[in-house]
Amino acid sequence: MNQPLLEMTAINKHYPGVHALKDVDFTLEPGEVCAILGENGAGKSTLMNVLGGVVPHDTGAITLNGKTVAIRGTKDAERLGIAFIHQELSLFPKMDIASNIFIQDIPACGGFLRTRKLKSDTEAILKRVRLDHCRPEQLVGDLKIGEQQLVEIGRTLTRGIKILILDEPTSSLTSSEVDILFQIVRELKEQGTAVVFITHHMDEIYEICDTLMIMRDGERILKCGVHEISRTEVVGKMLGHTAEEQYSHPARRYGKEVLSVKGLTRRGKLRDINFTVRQGEMVGLYGLLGSGRTEVLRSIFGLDKYDAGEIAINGDAAAVRDPREAIRRGVAMVTEDRHLEGLVLDESVKFNMTLANLKAIKGAVFVDPKKELSISQKGVTDLGVKTPSVARAVKYLSGGNQQKVVLAKWLATAPKLMLLDEPTRGIDIGAKQEIYAIVERLLAQGVAVVMVSSEVPEVLGTCDRVIVLKNGEQVCELQNDSSLQPAALLEAAMGGE
């Protein structure tokens, strides 16, 4: 048998509260083009981050051409011929194309720059990536985003790579640029370079890839040839469960309309988003990475300005200019990253729970400690926060209890509309059930809820309607009744047949 180019064996990776990779095996042959598939959070990017030296693995082994290698950082990966092009490009926009491409190996002699060689070598790379209409001296920041991505691919071609990892490589490309990318991939394949696609696009998988690997909950589910499995089977393997197995919600009664979104458009991010939410109703925003889910919530909450459209809250269509005004109008938002945006980790439970409602604890001049204590103790009691004291710093609480503190902070503002961005990410199943119970109480009180979630079962198990987004556009609006199946939701988000 031929020696595999790459073997990753029993790879494990832990983060606080999350077992991100569980004994994952992955192999690549020379010239193999492999797609890695899975729902958001399945572990596919984490596995490639291990291979690319972005994060270290805890246990397991990596061999390249039969030799065990240690990849302690991106420099090790580059030295071994592994290139990783992330969704967020690592170019220098205020430098020219030539300097970006040869940033690690500028041609020089005797301490002097070899400008002619730099220019000719750059022109050769630009021709290879079909950017020969660009000039080596052009600033990268003046290029279109698709052209910038091709420049970054060109930079990897100067290093004699053995493995190229592409994370959602076509998300910013036009159809003609996708064709160019695929031509480059085919050339690399002929030269024996292995290429890994992290992607959600079914059509691209069946056009360019030889194999695919499906991951779910940090585990490898299967790896096979792309023509050995149908699109429907791929979706089924990615899901691996039904919503009914884990979730259920009682029948809800809806009141008047609380939120109306019409024609919401933000250049390069969102286009013509339309939906409504009523009192006591929970509407889900579902889509894969880069679909625009979070951007919709940020626009409603006044964090991001939008170019066109209308957002009406309780019938008032006046634009929400900032989060302060959103809060005044009864809107609350639980952001995706509670550590970075939701909490002040070094401060107390008491401080965090009253942070969004300072008016309620204001005294004659300073904060009234009695009001602050009363509100925070009520939050701890109502939401069942496990803490020895409201004076405890929130960084010492578990992930689930930290998320309850975030919710308590917003409940203290008496919201009419709750925006929840991945409210159960990174917490255990018991804490998830407690969060669902809290949200259910809000719905019973007539609060309207919009939730973003990457988990299909969570969306189907908790939401009344689902708005499906893809690449910043609204694909469809689905009524969550007994006929809506998980596969239909995922297929709509992936654009599959």
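Trainee: How much accessible surface does the protein chain have, and what share of it belongs to carbon and sulfur atoms? After that, please look closely at helix 17: which of its residues are buried, and what do they pack against?

Mentor: The model is predicted, so local features are given only at pLDDT of at least 70 and side-chain atom pairs only at pLDDT 80 or more, while totals for chains, interfaces and linings use all residues. Numbering starts from 1 along each chain as its sequence is written, and side-chain values use heavy atoms, with hydrogens and water left out.

The accessible surface of the protein chain is about 22,700 Å², and 50% of that belongs to carbon and sulfur atoms. Accessible areas come from the Shrake-Rupley method with a 1.4 Å probe, and for residues only the protein chains shown count as cover. Of the 497 residues, 52% are buried; buried means under 20% relative accessible area, exposed means over 50%, and partly exposed lies in between (1.4 Å probe, protein chains only).

The chain contains 17 helices and 21 strands. These are DSSP runs numbered from the N terminus: helices are H or I with at least four residues, strands are E with at least two. The radius of gyration is 25 Å, close to the 23 Å given by the globule rule for 497 residues, so the chain is as compact as a globular protein of that length. That radius is taken over C-alpha atoms, and the rule is 2.2 Å times the number of residues to the power 0.38. Along its principal axes the C-alpha trace spans about 70 × 50 × 45 Å. Among contacts with a separation of 6 or more, 68% join residues 24 or more positions apart, where a contact means heavy atoms within 4.5 Å.

Now to the part you asked about. Helix 17 covers residues 486-494 and is mostly covered, with seven of its nine residues buried. The buried ones are Pro 486, Leu 489, Leu 490, Glu 491, Ala 492, Ala 493 and Met 494. An α-helix has 3.6 residues a turn, so residues three or four places apart point the same way.

The buried residues of helix 17 have several packing partners. Three are helices: helix 7 (202-208), helix 8 (231-239) and helix 16 (456-462). The others are strands: strand 15 (282-286), strand 20 (465-470) and strand 21 (473-479). After helix 17 comes Gly 495, with a positive phi near 75 degrees.

Six of its eight residues are buried, so helix 9 is largely enclosed by the rest of the structure. Its buried residues are Arg 293, Thr 294, Val 296, Leu 297, Ser 299 and Ile 300. Here too a glycine with positive phi comes just after the helix: Gly 302, at about 85 degrees.

Positive phi also turns up away from glycine. Most residues other than glycine have a negative phi. Glu 168 is not a glycine, yet has a positive phi of about 45 degrees. Glu 168 sits in the loop between strand 9 (163-167) and helix 6 (175-190), and is buried because its relative accessibility is 5%. Asp 217, likewise not a glycine, has a positive phi of about 50 degrees. Asp 217 is in the loop between strand 11 (211-216) and strand 12 (219-225), and its 47% relative accessibility makes it partly exposed.

A glycine inside a helix is found at Gly 154, in helix 5 (residues 145-156). Gly 154 is buried at 0% relative accessible area. Leaving aside residues up to four places away in sequence, Gly 154 touches Ile 101, Ile 125 and Val 129.

Last, the cysteines. The whole structure has zero disulfides, a disulfide being a pair of cysteine sulfur atoms within 2.5 Å. Cys 34 is in none; the nearest cysteine sulfur, that of Cys 209, is 7.1 Å away. Cys 34 is buried, at 0% relative accessibility. Cys 224 is in no disulfide either, and the nearest cysteine sulfur to Cys 224, that of Cys 34, is 9.3 Å away. Cys 224 also counts as buried, at 14% relative accessibility.
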